[in-house]
Amino acid sequence: NSYNADLRLKKISESILDAFPGIGSSRKAALPKKFGSVQRLRKSSIEDIQQVPGFGKKSTEALKAFLETRTKSDKSV
């Protein structure tokens with residue numbers, strides 16, 4: 001059961017992060033590995049995300065803004 005749950009989590013994470021412009025496969029894979037879920041990623045601080053290799057201040061701020069707008073549009077559906 002945990003194997004299937006991990007696959008679902010990976011699929012969900014990838015589908016959301018695929019829509020983020022300019023993210024490569026290594027950075028996209030590093031986020032779920034560090035945070036475990038998109039929910040945790042959304043709640044994380046800019047400082048926490050900057051600890052992920054490849055994420056500086058500018059890219060982290062862009063990611064947080066993307067996730068914030070994505071969350072708002074998800075709630076309005």
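The side chain of Ser59 reaches the backbone nitrogen of Gly56 at 3.0 Å, a polar contact in the sense of N or O atoms within 3.5 Å, where one must be able to donate a hydrogen and the other to accept it, and where residues adjacent in sequence count only if both atoms are side-chain atoms. The model is predicted; local features need pLDDT of at least 70, side-chain atom pairs count only at pLDDT 80 or more, and totals for chains, interfaces and linings use all residues. Numbering starts from 1 along each chain as its sequence is written, and side-chain values use heavy atoms, with hydrogens and water left out.

Ser59 sits in helix α5. Helices are DSSP runs of H or I with at least four residues, strands are E runs of at least two, and both are numbered from the N terminus. Ser59 counts as buried because its relative accessibility is 18%; buried means under 20% relative accessible area, exposed over 50%, and partly exposed in between, with a 1.4 Å probe and protein chains only. Beyond its neighbours within four places in sequence, Ser59 is in contact (heavy atoms within 4.5 Å) with Phe20, Arg27 and Gly54.

The protein chain has five helices and zero strands. Its elements run α-α-α-α-α from the N terminus. Of its 77 residues, 29% are buried. The accessible surface comes to about 5400 Å², and carbon and sulfur atoms hold 53% of that area. Accessible areas follow the Shrake-Rupley method with a 1.4 Å probe; for residues, only the protein chains shown count as cover. Among contacts between residues at least 6 apart in sequence, 42% join residues at least 24 apart.

The largest nonpolar core has 15 residues. Such a core is a set of buried Ala, Val, Leu, Ile, Met, Phe, Trp, Tyr and Cys residues joined through side-chain atoms within 4.5 Å. Leu31, Leu41, Ile49, Phe55, Leu63 and Leu67 touch the most other members. Helices α1 (2-18), α2 (25-35), α3 (38-43) and α5 (57-76) each supply at least two residues of this core. Ile49 is in contact with Leu31, Phe35, Leu41, Ser44, Phe55, Thr60, Leu63 and Lys64, leaving aside its neighbours within four places in sequence.

The structure holds one salt bridge, defined by a side-chain nitrogen of Lys or Arg within 4 Å of a carboxyl oxygen of Asp or Glu. Asp18 pairs with Lys28, and their closest N and O atoms are 2.5 Å apart. Asp18 lies in helix α1 and Lys28 in helix α2, so the pair ties together parts 10 residues apart in sequence. Asp18 is partly exposed, at a relative accessible area of 47%.
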